Number of protein chains: 2
Amino acid sequence: MENEIKTKVIGINVTSSVTLIALVDIRGNILAKDTLKTTDYPNVNGFVEALAEHIMLLSEANGGYQTIRSVGISAPSANFVTGCIENAPNMPWKGIIPLAAMLRDSIGLAVALGNDAHVSALGESVYGYAHGMNTFIIVTLGRKGVGSGFFSYGQPHLGTDGFAGEIGHCCIDVNGRPCNCGRKGCLERYVSIQGILQTAREMLEQTDHPSLLRSAGELTIEQLKTCADQGDELAREVWNVAGTTLGISLANYATVVNPEAVILTGVLLEHAKWMMAPMEKSFYDSLFHNIRSTIRLLVSPINNSDRDVLGASVLAWKVKEYSLFK
Amino acid sequence: MENEIKTKVIGINVTSSVTLIALVDIRGNILAKDTLKTTDYPNVNGFVEALAEHIMLLSEANGGYQTIRSVGISAPSANFVTGCIENAPNMPWKGIIPLAAMLRDSIGLAVALGNDAHVSALGESVYGYAHGMNTFIIVTLGRKGVGSGFFSYGQPHLGTDGFAGEIGHCCIDVNGRPCNCGRKGCLERYVSIQGILQTAREMLEQTDHPSLLRSAGELTIEQLKTCADQGDELAREVWNVAGTTLGISLANYATVVNPEAVILTGVLLEHAKWMMAPMEKSFYDSLFHNIRSTIRLLVSPINNSDRDVLGASVLAWKVKEYSLFK
């Protein structure tokens, strides 16, 4: 008897700079990977063509196209319900992009598309600390943005339009920094890598405190960590401000959702050693008193380079549940 | 054939001042009502005894105790999961009060207890504008506090401990007004009736702007409305500040939950005519752009005096779903 069940899926993570494509098995083992430069494709048709070609090559080199069950895509501002990327402020393609339908038509496999933050939550619920949790929040602290999703009773809470969890676009200061979304004072302008570097630049400009950062040339998040490691007070204060700001926002989010855990992910965490203690303090200080003793603040065990394709692979397995395109 | 099915429930709303008891039929008609002064019972045992007696009298006067199916109770800081009122900052009874179990043991009927805000959401989902909505937020603007609950996929999202939706205890200013919960700057210190009156008192003290409120003696919310009606600029500014503050917080809440509607209730709304326009403006201005066109900001059609007992009656019908005490 030949076993004809399809045991692999394709997980894709689209970001404004790079698109990662992975071939993943039932247990979440990443068998092979490939990348595209998203910025090479100002036109989305060209992008879908290239994506289809890379999927074919990756499949043929690893057991053949006929062993692939389905495709899951994680992308910013993507809508689970419609399968479209919708008005993503940081992406090269403007307006409404029906990426799931376009790729399905091109390769003839079922394709599900999800918001990167919700897809991260799916991945965490199957392969991370949220395994077995009914209600949890996941927050991704990225280079430009802060994404998030939460589970309600064991399912992703997607919201009416599939856009729930946009903590990065919650307003923390109506007169604050301008955001790509068109408003002012969005959280992600303060606690993404870009946002934290802006805080550092403002502190350097607005004070005359001595700091190793003053001789650092163009500021990077690596420098900000290194200077803090070396005891630089201004650098530590930058991390302190970011941690406090983030802690309060996470506490307000948790006060509304009452999760078992808030799980943090994202590239910022690779550099954020000096942010963690002030964040944790302001998180627990700001939480609604009745949930303070039950909630956990965790860093995801899944590494950042695999997280999104792994989440997208979970979406691919659940394609019947989440996609209009079956 | 005698029809022996029980067609009535008891809906109870416990507040820090008054407890309302209602006999409600299948269609949500309130057949009879009774009240207790909560403050007359500093000891909760005496309160449960009195409650049981009033339930008996109300039932016997309206078809008999044997026609009552079950009891639902709405109370502040109540926990759906455990059936307890837990550390309610404004209530006469401190600590953990197992009210559902106590009343069940006293009267021999199934009793479910829920957080007043979640119970309001239940009522709204059966008898209000949320009928037919999968995902919505309800916010109750009260005398001392601001309560809230939300639905996810047609069910109340209670959270891990049954305390989800505590928007009133989200922090809007870490250095802000002290709250009964022990922290500073909770939203309800600014947009409850008490909070708005405090804003008015602060504006009167900290400025010398002329205002009709200066000759008003002890300030009330009715005066604040009347003075705004008469064109008093300071009174209108108080409403303006409250509306703007509330609008941003509601937008942040909606940006996380992505509901079909945010539905407002509560006694404050009876006086809040001058708050509505600035609230609506700051709500839509502050919303995440991708959900701005789909979301509705509504005032509940259920009147405030019936809302909580009606919600509690829905809880009573769902007693098998929501109570540990079957």
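Is Cys181(B) buried or exposed? In this predicted model, Cys181(B) is buried, at a relative accessible area of 12%.

**Cysteines**

Over all chains, a search of the whole structure returns zero disulfides. Cys171(B) takes part in no disulfide, and the nearest cysteine sulfur, belonging to Cys186(B), lies 6.6 Å away. For Cys181(B), the closest cysteine sulfur is likewise that of Cys186(B), at 3.7 Å. That distance is too far for a bond, because a disulfide requires the two sulfur atoms to be within 2.5 Å. Cys171(B) is buried, with a relative accessible area of 10%.

| Cysteine | Relative accessible area | Distance to the sulfur of Cys186(B) |
|---|---|---|
| Cys171(B) | 10% | 6.6 Å |
| Cys181(B) | 12% | 3.7 Å |

**Thr39(B)**

Thr39(B) sits in the loop that runs between β3 (30-37) and α1 (44-60) of chain B. Its relative accessibility of 48% makes Thr39(B) partly exposed, because the exposed class begins over 50%. Leaving aside residues up to four places away in sequence, Thr39(B) touches Ser16(B) and Ser17(B). Thr39(B) and Trp93(B) are separated by 54 residues in sequence, and their C-alpha atoms are 9.9 Å apart.

**Contact between chain A and chain B**

How many residues does the contact take from chain A and from chain B? There are 45 residues from chain A and 45 residues from chain B. Together the two chains bury about 3,500 Å², of which 55% is on carbon and sulfur atoms. Of the area that chain A buries against chain B, 17% comes from Arg183(A), Val256(A) and Phe288(A), more than from any other three residues.

Three elements of chain A, namely β10 (146-152), α7 (233-257) and α8 (273-286), each supply at least two residues to the side that touches chain B. With six residues, α7(A) gives the most to that side. By residue class, the side of chain A that touches chain B holds 21 nonpolar, 17 polar and seven charged residues.

Notes. Residues numbered from 1 in each chain as written. Chains lettered and ligands numbered in written order. Predicted model: local features only at pLDDT ≥ 70, side-chain atom pairs only at ≥ 80, totals over all residues. Heavy atoms only, no water. Contact = heavy atoms within 4.5 Å. Buried area = accessible area lost by both parts, 1.4 Å probe. Helix = DSSP H or I, 4+ residues; strand = E, 2+ residues; numbered from the N terminus. Nonpolar A, V, L, I, M, F, W, Y, C, P; charged D, E, K, R; others polar. Buried < 20%, exposed > 50% of the residue type's maximum accessible area, 1.4 Å probe, protein only.
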